[in-house]
Amino acid sequence: MATVRVLIVDDSPVVRNVLTRELSKDPSIEVIGTAPDAFVARDKIVALKPDVITLDIEMPKMDGITFLRKLMEWYLIPVIIVSGLTPKGCSLSLEALEIGAVDVIEKPALTNERELADFSTRLIDQVKAASLVRFRKGPARAVAPRPAVQLGAPKPVGRTLGRRTNKLVAIGASTGGTEALKAVLERMPVDCPPIMIVQHMPGTFTKAFAERLNRQTPIKVLEAEDGMEVKTGRAIIANGNVHLLIRKGSGKWQAETRDGPLVCRHKPSVEVLFNSFAKHVGANAIGVMLTGMGRDGADAMKNMKDAGARNIAQDEKSCVVFGMPKEAIKTGAVEKIVPLDIVTDTVLSLL
């Protein structure tokens, strides 16, 4: 991999120093500059032409959201949001993903060495993934901002499947997955088969992410809780702090949350969810691998196929990063490779 050139934009000199130090630990990453605000960042973008930008949300002179909108209009550069833990920070970070940011990571506690080490690993992986993002060409800018969904707005009216099914769906996603998941779920019928999802995302953001999708899509979307019923018309998203599995309890499918070490460099891990589907759901499972960096879930998707599951992967052209789908395809696990806009219809056709 060629050297990834990074510009850090944050109003805190302490945070700028920490990000510079941590990213510089990887020889394939070069921090080419830092900026305390959007105006300095603008000048450095023009002069230095970075491959990736890390961006704080709450900054003086111009906030990160406003800056990101302008950036997406004039310079299509992959952006990673580095955000605080406040509810406002979570909401704005999710808005940034809708505008065009490719990933989000929470700022670490700078005095906690273990947390800082985990942060460093995740940030380096995200920067490398972001450097592989290729914006699609077109008459308009590649990433168009969508209006924020207001609290209290009515949910979209969905179609109905009109029949019962014993199938269950497991979805894995990473870089670019937040918008890909929205595209898949907003096309689901209100009585869709039960869905379980692992999206690589910090634990402080997954609840807000689930709530946002719940408002934007016709189905019920919830953050996973241990023992939560997995049922028709419901999508359950893994809490970003724990692994998510499926189990059978009292005659019903249930979500199981489990702490533990990173698996395939992630917690929650797609590998863990997919292996639980292979073990417990077998031929009644449909696996879906969406955009993302790395190979999390690839081997487990092959285990799903061996257990009788039908598997789908998003195609390269519609992926933000064609890493996880590509690796799953290489294992021989994938039956159908389709563009994002027909993933939902393909799932429904397998019922």
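Contact means heavy atoms within 4.5 Å of each other. Helices (H or I, at least four residues) and strands (E, at least two) are DSSP runs, numbered from the N terminus. This is a predicted model, in which local features need pLDDT of at least 70 and side-chain atom pairs count only at pLDDT 80 or more, while totals for chains, interfaces and linings use all residues. Residues are numbered from 1 along each chain as its sequence is written, and side-chain values use heavy atoms, with hydrogens and water left out.

**Stop 1: helix H5**

Select residues 113–131, which form helix H5. H5 has 19 residues and reaches 27 Å from its first C-alpha to its last, close to the 27 Å expected at 1.5 Å a residue. The expected span is 1.5 Å times one less than the number of residues in the helix.

Now colour the buried residues of H5: Leu116, Phe119, Ser120, Leu123, Ile124, Gln126, Val127, Lys128, Ala129, Ala130 and Ser131. Buried means under 20% relative accessible area, exposed means over 50%, and partly exposed is in between (1.4 Å probe, protein chains only). An α-helix has 3.6 residues a turn, so residues three or four places apart point the same way.

What do the buried residues of H5 pack against? Their partners are H1 and the strands E1 (4–9), E2 (29–35), E3 (52–55), E4 (79–83) and E5 (103–106).

**Stop 2**

Two packed helices are described by the angle between their axes and the distance between the axes. Axes are lines fitted to C-alpha atoms, for helices over the stretch in contact, and angles run from 0 to 180 degrees between N-to-C directions.

Show the side chains at the contact. From H1, select Val18, Leu19, Arg21, Glu22 and Leu23; they meet Leu116, Phe119, Ser120, Leu123, Ile124 and Val127 in H5. The residues of this contact divide into 8 nonpolar, 1 polar and 2 charged. Here Ala, Val, Leu, Ile, Met, Phe, Trp, Tyr, Cys and Pro count as nonpolar, Asp, Glu, Lys and Arg as charged, and the others, Gly among them, as polar.

**Stop 3: two lysines in loops**

Go to Lys49, in the loop between helix H2 (38–48) and E3. Its phi is near 50°, a positive value in a residue other than glycine. Lys49 is exposed, with a relative accessible area of 58%. Next, select Lys61, in the loop between E3 and helix H3 (64–74). Lys61 also has a positive phi, near 70°, and at 69% relative accessibility it counts as exposed. Most residues other than glycine have a negative phi, and most peptide bonds are trans.

**Stop 4: Pro268 and helix H8**

Select Pro268, in the loop between strand E11 (252–258) and H8. The peptide bond from Lys267 to Pro268 is cis, with omega near 5°.

Continue into H8, residues 270–280, where 8 of the 11 residues are buried. They are Val270, Glu271, Val272, Leu273, Phe274, Ser276, Phe277 and Ala278. Where do the buried residues of H8 pack? They pack against strands E6 (168–173), E7 (195–199), E10 (243–249) and E12 (285–289), and against helices H9 (298–306) and H10 (324–330).

**Stop 5**

Pro218 is in the loop between helix H7 (203–216) and strand E8 (220–223). Is Pro218 buried or exposed? Pro218 is buried, with a relative accessible area of 11%.

Then select Leu351, in the segment after helix H11 (343–349). Not counting residues up to four places away in sequence, Leu351 touches Leu161, Arg163, Thr165, Lys167, Pro193 and Ile286.

**Stop 5: cysteines**

Finish with Cys90, buried at 6% relative accessible area, and Cys192, buried at 0%. A disulfide is a pair of cysteine sulfur atoms within 2.5 Å, and by this rule the count comes to 0 disulfides.
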